[in-house]
Amino acid sequence: MKNRVLKAALLAGLAVSATLGFAGTALADGEKYVLIHHSPDSETFWNTVKNGASLAAENVGATVTFRNPPTGDLADMVRIIQQTAAEKPDGIIVTIPDVETVGGAIEDAVAKGIPVVTMNTGTAEESKKLGALLHVGQPEFDAGKGAGERAKAAGITSFLCVNSLFPNIAGQQRCEGFAAGLGVPLGDQMIDSGTDATEIANRVKAYLSNHPDTGAVLTLGPMTALPTIKALKDTGLAGTIFFATFDLTPEISQAIKDGVINFAIDQQPFLQGYLPVITLTNDLRYGVLQANSVLSGPGFVTKDNLALVESLAGKYR
């Protein structure tokens, strides 16, 4: 199965490369790229991003290094961007968790003549203003809204949004989008959960105890989804409360199978890692650049289509 997956991924990569301008055999120029993201070391979501970027680099004969603030501190991320720019790599791939905080450092990298592709968090508009080549990511408000519309169709009128992403604006956008999809104000239905698993579970329990009529729970990634699964099991609510989450891991896939999670919102992190490497390489080698940014999500994974992606969760999906 693994060999088939790698073969399929490679063929997909070569197809993308051909579409974007690679001819037959790519020149192995050995470009050095650095991918910088905002999340702490404990966030497993980035494993799939790294798989995508690493495979793309292997396909085109480049190398990619990964850097992030170990605790998720954005001031630390700014320093990492500045230090990376001073090294003058062939390209930088970077997230925009808060444009006011990290935007200046990204603009400075562009001003040094370093090609930049933004990905994951941020918007295509922000990316363009900072001078990046393009953005690869999911429109967060729209993704949350799509999830909210699905919940509304199931009769949901209230929810808890478990947000561990502060001060990353993407978390706020996802929660606001979910509320908009339901057609209700966000109000106090979003909590700052922190990033400690035990604390997340305790805060979810406390909220549900104080708001027993809560109809749904929305978590914004594995960091909050896994402790929330535990919280719901501990309180006897697992399988009885509507539960949606962003992103996939083997544990989330199992929870979908078990009926604990209704669906996962898939932003295709593999593509968020893969496509920036291909984009930078095409631009540097051939002066070829696609005209538009790339929307990598959202997609929705349910029991009905889980079999298509279950074996790939946490690796390629």
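How many salt bridges are there between domain 1 and domain 2? The count is zero, and the views below show what else can be found in this predicted model.

Two notes on reading the legends come first. Residues are numbered from 1 along each chain as its sequence is written, and side-chain values use heavy atoms, leaving out hydrogens and water. As the model is predicted, local features need pLDDT of at least 70 and side-chain atom pairs count only at pLDDT 80 or more, while totals for chains, interfaces and linings use all residues.

**View 1. The two domains.** Domain 1 takes in 32–138 + 268–297, and domain 2 takes in 140–266; these bounds come from an automatic or database domain assignment. Taken over C-alpha atoms, their centres are 28 Å apart. An unreviewed UniProt entry annotates residues 40–277 as "domain: Periplasmic binding protein"; such annotations may be inferred rather than shown by experiment.

**View 2. Where domain 1 meets domain 2.** Here 15 residues of domain 1 are in contact (heavy atoms within 4.5 Å) with 14 residues of domain 2. About 1,100 Å² is buried between them, with 49% of that area given by carbon and sulfur atoms. Buried area is the accessible area (1.4 Å probe) that two parts lose on being put together, summed over both. On the side of domain 1 that touches domain 2, five residues are nonpolar, eight are polar and two are charged. In this grouping, Asp, Glu, Lys and Arg count as charged, Ala, Val, Leu, Ile, Met, Phe, Trp, Tyr, Cys and Pro as nonpolar, and the others, Gly among them, as polar.

View 3. A salt bridge is a side-chain nitrogen of Lys or Arg within 4 Å of a carboxyl oxygen of Asp or Glu, and the rule gives nine. One of them joins Glu-87 to Arg-67, with 3.0 Å between the closest N and O atoms. Glu-87 sits in helix α3 (residues 74–87) and Arg-67 in strand β2 (residues 63–67), so the pair ties together parts 20 residues apart in sequence. Helices (H or I, at least four residues) and strands (E, at least two) are DSSP runs, numbered from the N terminus.

**View 4. Two backbone details.** The peptide bond from Gly-297 to Pro-298 is cis, with omega near 10 degrees. Pro-298 belongs to the loop between β11 (294–295) and β12 (299–301). Asn-120, in strand β4 (residues 116–120), has a positive phi near 65 degrees, though it is not a glycine.
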